[in-house]
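Me: I'd like to learn how to read a structure like this one. Could you walk me through it?

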Amino acid sequence: MSEHLLEVKDLAVSFSSYAGKIRAVRGVSFHLDAGETLAIVGESGCGKTVTVKALMKLYGNSAAFIEEGSSILFKNEEVVTMDRKQLSKLRGEGIGMIFQDPMTSLNPTLTVGYQIAEGIRFHDKSVSKEEAYKRAAELLALVGIPSPEERIKQYPHQLSGGMRQRVMIAIAIACDADIIICDEPTTALDVTIQAQVLELLNELKEKTNKAFILVTHDLGIVFDFADRIQVMYAGVILERGTKYELFDEPHHPYTWALLNSVPSKQSQRKGTLYSIQGTPPDLMMDIKGCPFADRCVYCMPICKERMPEETPLSETHSVCCWLEHSMAPKVKAPAAGGEE
Amino acid sequence: MEEKKVLFDVKNLKMYFPARGGKLVKAVDDVSFKIYEGETFGVVGESGCGKTTVGRTILGVYEQTSGEIIYRGKNTADFKAEDKMAFSKNCQMIFQDPAACLDPRMSIGTIVSEGLTVHYRNMSKAEREERVNQVLAYVGLTSDYASRFSHELSGGQRQRIGIARALAIEPGFIVCDEPIAALDVSIQAQVVNLLTRLQKELGLTYMFISHDLSMVRHISDRIAVMYLGSLVELGDNKSIYGNPMHPYTRALFSAIPEPDPYHSWLKSRVHLQGEIPSPINAPAGCKFCTRCPQATEQCKLEPPALREIESGHFVACHQIQPVNA
């Protein structure tokens, strides 16, 4: 039995391809409680989207499969072994999702009202068509779209990017899901629109007791929105902690790099930005040691041999790095903002 | 202040594209600015504001609807064939999407040396190869990349090839059109470091177009802020970021996400209502008047001119008066 709303243990997801198996997610464990927001941060290809899609087994006919030994407990029910019927109930009612690109994830041939009402009627057959549309309009008003009665009759191409993302949010919350997954919710938007959408999500967070999972590569939006953050790299979680712990005392060299490669207000102009050499590893390969070892400036012989264990630093903060070992040299985090 | 040499003097540049129904998309509408030699001129704005069109038009990719582009004292409209050759040798471009701008059927060596076959006709094959290896070394790649193809490279490496191609013919001015938008954060820093290093070593002038406001702050000497085809503010880095005056600039900068859990940028930002109007039906007066919290009757009727408010700091807003007026 688990007391958490969602508990993921040793989740591993792979894709079969003509060249072999691509191990996109290589054993991640985490949990989520009601009302809290967890952020998963990492570069493209690190497995963050694959991880959250696995929570609902949203793979369709793609070649992805969840490896044996993985466990996803949502309200103490195992998601991995669910059949189609149970999954349809879980998707929408249990977990809702806001996708990255609002243009490609909305159906261009259906009105937005239909697309919101569709989910409502699917999950509650007793709702009449009129009622469902009425609720769709209410939801549009809730996500801040003016004149919602007009808008529900419109098609996605008649809306701007920011509006479309608001429609996506309305669909995700339409069936009162316990967990809302936001997969790069603002990547496709301009900064001023991004701020509006984030504000809306923040409002929803405060008004409802929903749990949020935010998937992003943008550290700037993470610290304003999330409670806890986990840093992913090549399919594993390298560091996790509350946002204050990760900001004040990041322990993993990759977290340092992520934090420092973005120029901040204080950073020296035209100075050298902290950057990591090389590129992420090929996920087709077996990675023996730490996946970051090849790019890490502090790499020791052991790093290439064995994956470090997760070292707890506080109740919420832990890191996977050999530098935490008592025999490792003491290394100080580089100063933020780069050097001249 | 020392006298700086003007490289580009752009006057009242307009670039309209025809749209359906005889309408016009005013992508760039009456924009004037100067680019000095050796500087990095940053252009920021949201998508659809015309920043890419400005970059492409001054390089002659599009023929402007009206306005003048003066390059080193000579109007580009009066260019003769040999002037055009010299211009294209001197002014190069780095494109946004490194995957789309490299021909998949050409080897990296062929891509990088293509400009050499046009601009250095007398170069022997061996010299060309040597030059290719030299520019590949500039961007941090070894010479064996010359025989590879673009699909064998990662995104960051492809962007380096884009830079190497632009550098091969030794230009003095490069338009960097969103060079880092398609890259991951850790790779972005690599490319930006490379661009700053090359500028120091080769004395290049950049026009750096980006929607990433914190990167532009990092790399630029002077910055132009665009909104819906118009220039709303222009000045040096310090005055634009330290003392933004135009209401749009203020709203835009306050929306930059700051990675700091103790200070919520989201709560302290300047709120902007609504979204950018379509460039086909842009407002008649100040283009920002539909979203501006300080808009008056005058703003709706008269387009504001770009005026010098402080030394070197230009703002196009009716509500802001010059300091020593």
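**Cavities and overall fold**

Reply: Searching the whole structure turns up 3 cavities of 30 Å³ or more. On a 1 Å grid over the protein atoms alone, a cavity is a set of points where a 1.4 Å probe fits but cannot get out. Points are joined across faces, edges and corners, and a volume is the space filled by probe spheres set on them. This is a predicted model, where local features need pLDDT of at least 70, side-chain atom pairs count only at pLDDT 80 or more, and totals for chains, interfaces and linings use all residues. Residues are numbered from 1 along each chain as its sequence is written, and side-chain values use heavy atoms, leaving out hydrogens and water.

Me: What volume does the largest cavity have, and which residues lie nearest its centre?

Reply: Lining residues have an atom within 4 Å of a point. Here the volume is about 90 Å³, and of the 14 lining residues, Pro253(A), Cys290(A), Cys296(A), Cys303(A) and Cys321(A) lie nearest the centre.

Me: How many residues in the chain A total are there, and what percentage is buried?

Reply: Buried means under 20% relative accessible area (1.4 Å probe, protein chains only). In chain A, that covers 54% of the 340 residues.

Me: And how do I read the contacts?

Reply: Contact means heavy atoms within 4.5 Å. Of the contacts in chain A with a separation of 6 or more, 65% are between residues 24 or more positions apart.

Me: What does the C-alpha trace of chain A span along its principal axes?

Reply: About 70 × 50 × 40 Å.

Conventions:
Chains are lettered from A and ligands numbered from 1 in the order in which they are written. On a 1 Å grid over the protein atoms alone, a cavity is a set of points where a 1.4 Å probe fits but cannot get out, and a pocket is an open set with protein on both sides within 12 Å along at least five of seven lines; lining residues have an atom within 4 Å of a point. Buried means under 20% relative accessible area, exposed over 50%, partly exposed in between (1.4 Å probe, protein chains only).
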